[in-house]
Structure formats: C-alpha cells, structure tokens
Amino acid sequence: MKYSLTWDLESIFPGGSHSEALKDKLNQIEQLLEEYHTLAESWNPEKDKPAYDAFSTLIEKSETLVSALGQAGSFINAVQSADVTDSHAGTVIFEVSKLRGGYTVIQNAVIKKIATISDADFDSLITHEDFKHLAFALSETRDEGVRLLSEAEENVISKLSQDGFHAWSNHYDTLVSLIKIPVADKDGNIQELSAGQAMNRMYSDSDPAVRKQIFTEWERAWGHYAPLFADTLNHLQGFRLENYKLHGEEDFMVEPLRYNRIQKETLDAMWNAISKNKQPFFKFMERKAALMGKDKLAWYDVDAPVSVGDFKARTFTYDEAVDFINDNFAKFGPKLASFSQDIIEKGWVEAEDRTGKRPGGYCTSLPESKESRIFMTFTGSASDMSTLAHEIGHAFHSYTMWDLPRMNTSYAMNVAETASTFAETLVASATVEAANSNEEKISLLNTKLENATAMFMNIHARFLFEQSFYSERQKGLVTADRLSELMVTAQKEAFNDNLSEYHPHFWASKLHFFIDGISFYNFPYTFGFLFSLSIFAEYKKNPDGFEDKYIALLRDTAVMSTEDLVQKHLGKDITVESFWEQGIAIMAEDANAFLELTEAYL
C-alpha cells in the first residue's frame, strides 16, 4: 500500500490517553486559566479606553487558551474514537471538559464586561485599527453578553454542566461501546461487529438478506439499551431546554438559528422548497426498489448499492480511492489537490476497517499545530470514497483559515458543511463521468443520489423528530417507546411513507442527537449540501480561476451572516424558495438520468 490506513496521533501527544505530554498540556492550560482569570478580573473597559491595550492582551490570552483546549480536546476524542474500549480516554475527556468549563466561566465574565461598554465607546472600539478586523466577532460577543445572566449564575450553570449537560453527552460514548452486532458469515459462524462496522455493512452490502439480517440485529441491540439511551437523551436536552429558559428563551429554535447565523425565513424557505420538490427522488426510490425486485425499499435498502445486468458495483482499494480523489481535485484547482495529497501522506486519516472503532466519520481541527485529523471506516465502496472526499473538504476549509485570528475562524455548522459537500460533489460527479458503461453509470448515479435522499429525506426526518421531541420534552420526560414512535412518524412524513420498513431506534443509534456542542445537528447538512451545489453550478459556468474565488468565500464564513455571505459571493437571496430550488433541480437531473438508464433493465 502507498498510503497508511491508520492515522498519526503520536506526533500530537505521544502515548495515547496516558500521554505524559498531554498531562503537561493540561497542566499548562490550568496555569493559563489562572493568568487569564487574573487579567479578566482586573480589566476595566472604562479605564482601558481609548487604546484598549489590556483588552488586546485579553484577546491574545483567550486565543491561546482556546487553541490549547482545542488541541487537547481533539486529540483525546480521536483516541477514544479509534478505540471505544479505552476507558481512560473518557476520564481525560472529562478533565478537558472541566478545563473548558473553567474557561467558559472566565470568558462569560469578560463578555459581560464587553456588554457594559456604551454604544459610542463600542463603535470606537470596533473601528480602532487594532480591532476593526474583529468587528463582526466582537459585535456577536457583545450581543451574547446582553443575554447572559449574572456572573455568579453563569458560573453555577457552567460548573453544573460538567456532571450534567456535558456528562450526559459523554455517557453516550460509553453506551455505544457496549453495542455489539452478531452477524453470521456464509458458513454460519457468528462474528460480533462493532457499531461502526455493522453500520457500514448494513448500508453497503450488496446482499439484501445480509442487510436485513444486520438491520434486525442492529434494531435489537439498540432496542435492548433503549431505556438507557432515552435517559441520556432526556437529561441532555432537558438541561439544554432549562438553560434556554433561564436565559429568557422559550423557543428552542432560536439558538440553533442564531448559531448558524441564519434567519428563520431562510430555514423555512429551504424546507418548503424541498417538501415541494421531492417527487423526482421518490421516483428514483421506486425505480431502485423495482430493480431489487421489491415494491418498496426498506430503510436498510435506501443506501444500498444497485447492480444491473452483469455489472457488480465497483470496489476501490484505499490507494485507488485516494488517487482518484486527488486526480479530480487537481481538475478543480492545484491548492485543494496539493493539500489533499499532503495530508494523506502525513497520516492525518484514520480509515482502517477494524473492530473497536466508533461509527461514522468526522474531521477535527488541531489549532495549535494547524493540522486536522479525519476519522472514518473505509470498506472500499464508492460511498466510502465520497465520505473521504467530504472529510478532506472539511480539513481544507480549516486550512484556508489558519492564518486568520482565532475569533475569525469560528464558522457555523451550516457553512462548515459547504466545503465538505463541495469536495464530495467534485468526486461524485467525476465518478459518473468516468463510468465505462451504462451499468456502471447507474451504480454511480445511485451512490450520488443516495446523498440527495439523505439530505432531503433522512435529514428532514431527523429535523422533524427533534422538533417533536423538544416540544414534548418541554412538558416532561419522553419514554423510549414514545421516542421510537416520534422517530417513525418523522420518517414516514419525510419519506412520504415510501418505505416498507422504518428504523424506530434511529434516535438511539445516531450520535448527532447526543452532541452537547450544537443542537439540531441536522438541517445544516442539508443547507451545506444545497449551498455547495450552487457553488458547483457557478464553478461549472466559469471554471477558470474559480479556486481562488472559492477560497475567498470560505475565508469569509465566520465574519458575516449567512445571508450576507451568499449575497456577497453569489449575489443570491437565500430567504426565497427559488434559491434552494436551483440546487434541488441539479440533483433532479441525476434522478431523471437514473430513470432513463434503468428503463431497459425492468
């Protein structure tokens, strides 16, 4: 093999979860927190003006702390992801969480002081030569300060969060480590798969009997622990809802909209456009079911490969996938291609298919060393290749911003999913164009359209479920059985009841529902998907020199509202349905192509 399937974590902190270097880093962070606390307590905005020299020192110290916490947190989470049986990693994660909580307490005090600055003085501050490049971030910070409770109250909430809010999120990882999925091989021998391995096979195996067998065991496994997952989810979101209420927010959608820097009109326009234009994708699903000899697809068939004639879905070695990705990135621009090749060779990607890994994939940043790490499980499918491209896109987004002040790199999830999905689109489109036969093109179009069904239906179901769950959770605890009912109801609505079998315990098996950092970890995916398609369409119209324009857009993702970002770089209004319909139409063309090509195989 040319490329390693396992990542390099030793260059960050040697020794894994027991790393002495990591212990030293955590001790350094404790010391930095003490220094920052002293500076924060003594800072007086009124006395500091007009030069704001002390404030400049505060920003510098804050950025140092945030980077150090990010470095330690990303590392130890990566360690745990690669080996869910590493119980000590969970202990270290808790230590990092406590330090992060300590920073939050101090930072809240600073933010409260920023909020006390008069309008006239604040205008002078953000037009000051040393701070004008931070104007957007500082304005957001000031607005946040107005919403905060007293310093003492915020301190209590932060401290209680360690064994409450954050602890429940970490508890989910502990529960997932218990999940084992028994799967019989061709000889009837039983092999226990981790959640990550089972999920990959359940969605990618070409044998429908194998998919059904795994799905049955998958539902049984998550169902067995459902009461524990229900407790975790109830207390996690119950804490979040109570926190919203304490800060004067009764509407649980206010914070996710604010975090993603979008207006409610924008989110409504997106979902309305999708709901009105799902028909081409339902037809695609109907045709896919017919090709499988079924009346309707089951949940575990939606992402399954399609094979017609004598064609068997192509599989890729990891080396082949990497080379294909890099070759097609090079057609877009040299900077993306060079970056991708570089991170693969440096060992920034964990892709090995083995037991003990957590399910899913992600990209995490290491702000001190200005690096990223990518986690996934590569099994050789075209879908896995797209996932790898997706995560490299995330890493490239971070790379384009490493030279910016830390405060100007905090882009929200919706635009974070833009670079990743754009990279994935480049590769997915290239695989279709490179097809050697209609049979292969059908298989690859299927893979590409799986993304559309995920964004327009699966993600929609998650969004609908969370809305229903949060509404009921405001009134009291929601049982495991009721959570499953809400999940199936949401899936039926999102898929227009076009499936023969649904996934009741999806709420338990999906990590995203249990993340403490961001609520409604769903609609930003669809947003980024459709936004990236708009960017892709612009690239196709004028490919020359587009990479630099694309990088300019990425570098602006944390310094303006999303509506302003799209207006500046694409000249479009995203509060109207027509903007979103353009992206949907691009995918509808693929659905129609799939229908035309498969007509002969019915």
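Begin at the second largest pocket, which holds about 260 Å³ of space, a pocket being an open set of points on a 1 Å grid over the protein atoms alone where a 1.4 Å probe fits, with protein on both sides within 12 Å along at least five of seven lines. The model is predicted, so that local features need pLDDT of at least 70 and side-chain atom pairs count only at pLDDT 80 or more, while totals for chains, interfaces and linings use all residues. Residues are numbered from 1 along each chain as its sequence is written, and side-chain values use heavy atoms, with hydrogens and water left out.

Select Gly101, Gly102, Val105, Asn155 and Lys159, which lie nearest the centre of this pocket among its 14 lining residues, where lining means having an atom within 4 Å of a point. Helices H1 (20-42), H4 (87-116) and H7 (151-163) each give two or more residues to the lining, and H4 gives the most, with 6 residues.

Next, select H1 together with H3 (residues 53-82), which pack at an angle of about 155° with their axes 10 Å apart. That angle makes H1 roughly antiparallel to H3, the term for angles over 145 degrees. Contact, meaning heavy atoms within 4.5 Å, joins residues including Leu22, Ile29 and Tyr36 in H1 to residues including Leu58, Leu65 and Phe75 in H3.

Finally, move to H15 (residues 318-332) and H16 (residues 334-345), whose axes lie 7 Å apart at an angle of about 155°. H15 is therefore roughly antiparallel to H16. Among the residues making this contact are Tyr318, Phe329 and Phe332 of H15 and Leu336, Gln341 and Ile344 of H16.

Note on methods: Axes fitted to C-alpha atoms, helices over the stretch in contact; angles between N-to-C directions. Helix = DSSP H or I, 4+ residues; strand = E, 2+ residues; numbered from the N terminus. Parallel < 35°, antiparallel > 145°, perpendicular 65-115°, else oblique. Points joined across faces, edges and corners; volume = space filled by probe spheres on them.
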